[in-house]
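My notes follow, in the order I took them.

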Amino acid sequence: MDYAPTSVSATALKILCCQCGVSMEPNPANMCVSCLRIHVDITQDIPKQGILQFCRNCERYLQPPFEWISCALESKELLGLCLRKLKALNKVKLTVHGEVMSGMTLQQVFVVEYTVANQMCDDCHRSEAQDYWRALVQVRQKSDNKKTFYYLEQLMLKHKAHKNTLSIKPESNGLDFFYSTESMEIVPVMKDSVVCLSKKLAQQLGGISPLCIVNRVTNSIRLIDPSTAQLAEVSSSVYWRDSFQSVFKSKQLTEYTVMDIEPIMEKDRVQFPGQGQLSYKVSV
């Protein structure tokens with residue numbers, strides 16, 4: 001007698017949902033997908049409504065805190081703005097995945113509604129009101145030579161400070177910049193000016209001679225002692241604590257032709273403890 005093997009078809013194991021009793025494949029929650037969605041909301045911490053500020057004049061949207069950006073409708077830029085805020089457009093449909101009971105992953109689709117709120121941006125507000133300004137910077141320099149203003153202009157261009165300037169108005173001894181609330185005064189000394197320091201300040205600068213020449217003016221004042229070639233840097237905070245004026249300006253000095261010199265050798269220079277830096281680029 002021959003043995004004929006019989007094939008047994010394996011059937012998947014089924015259980016009943018603990019909530020509705022429907023037949024289902026087993027899972028850690030013992031609930032069907034419909035019951036899981038009823039009892040578990042993985043979107044509960046996501047806002048379902050949001051607000052976007054929109055300027056109708058330039059058609060830009062506000063990207064907090066202060067930037068206004070251009071976004072076309074249904075563009076990825078606008079979608080990115082909505083997702084970052086999840087608070088301004090009509091509707092956004094989201095599909096999210098979340099881990100629920102005992103490590104199960106549930107997928108849920110929901111709609112976030114956005115409302116467009118009209119708000120005029122700062123640029124459009126200023127252009128609409130030509131005489132409008134929020135603040136004023138008053139720059140003054142009490143000196144005949146205005147070379148420092150050229151340096152200020154270069155600094156403004158370098159740091160793009162002119163972009164938010166509404167207007168610039170010339171005034172006596174300076175300029176008015178309409179956009180800030182500070183009053184600024186530029187130091188009244190310039191390159192090649194002869195200045196006289198107070199005894200206290202001269203001691204603080206390494207015992208430099210009170211009578212110095214301004215070697216350079218940037219964000220600090222660089223002085224040089226013409227008798228010893230000693231250098232000193234005066235910061236803005238130091239200057240305004242103990243300010244000094246020009247004794248002579250470059251235009252008031254007389255130019256001479258030097259026929260011969262007797263340089264002082266380095267070993268013969270006057271030196272003392274606590275003395276500041278000496279310049280060896282200048283002959284004494």
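I began with the buried residues of H4, which pack against strand S8 (137-140) and strand S10 (174-177); contact here means heavy atoms within 4.5 Å. Helices (H or I, at least four residues) and strands (E, at least two) are DSSP runs, numbered from the N terminus.

A note on the source: this is a predicted model, where local features need pLDDT of at least 70 and side-chain atom pairs count only at pLDDT 80 or more, while totals for chains, interfaces and linings use all residues. Residues are numbered from 1 along each chain as its sequence is written, and side-chain values use heavy atoms, with hydrogens and water left out.

Which residues of H4 are buried? I found Thr148, Phe149, Leu152 and Met156, where buried means under 20% relative accessible area, exposed over 50% and partly exposed in between (1.4 Å probe, protein chains only). They cover an arc of only 100° around the axis, which puts them on the same side of H4; the arc is that of the directions from the helix axis to the C-beta atoms. An α-helix has 3.6 residues a turn, so residues three or four places apart point the same way. On the other side of H4, I noted Lys147, Tyr150 and Lys158 as exposed.

Next I checked the length of H4. Its 12 residues (147-158) should span 16 Å at 1.5 Å a residue, and the end C-alpha atoms are 17 Å apart, which agrees. The expected span is 1.5 Å times one less than the number of residues. Just after H4, Lys160 takes a positive phi of about 55°.

Then I turned to the largest pocket, which holds about 350 Å³ of space. Its lining has 18 residues, and Thr148, Ile186, Val187, Thr218 and Asn219 lie nearest the centre. H4 gives the most to this lining, with four residues. For the record, a pocket is an open set of points on a 1 Å grid over the protein atoms alone, where a 1.4 Å probe fits, with protein on both sides within 12 Å along at least five of seven lines; lining residues have an atom within 4 Å of a point. The volume is the space filled by probe spheres set on the points, which are joined across faces, edges and corners.

Last, I looked up two loops. Glu59, between strand S3 (49-55) and strand S4 (60-63), has a positive phi near 55° and is exposed, with a relative accessible area of 55%. Asp192 has a phi near 75° and is partly exposed at 37%.
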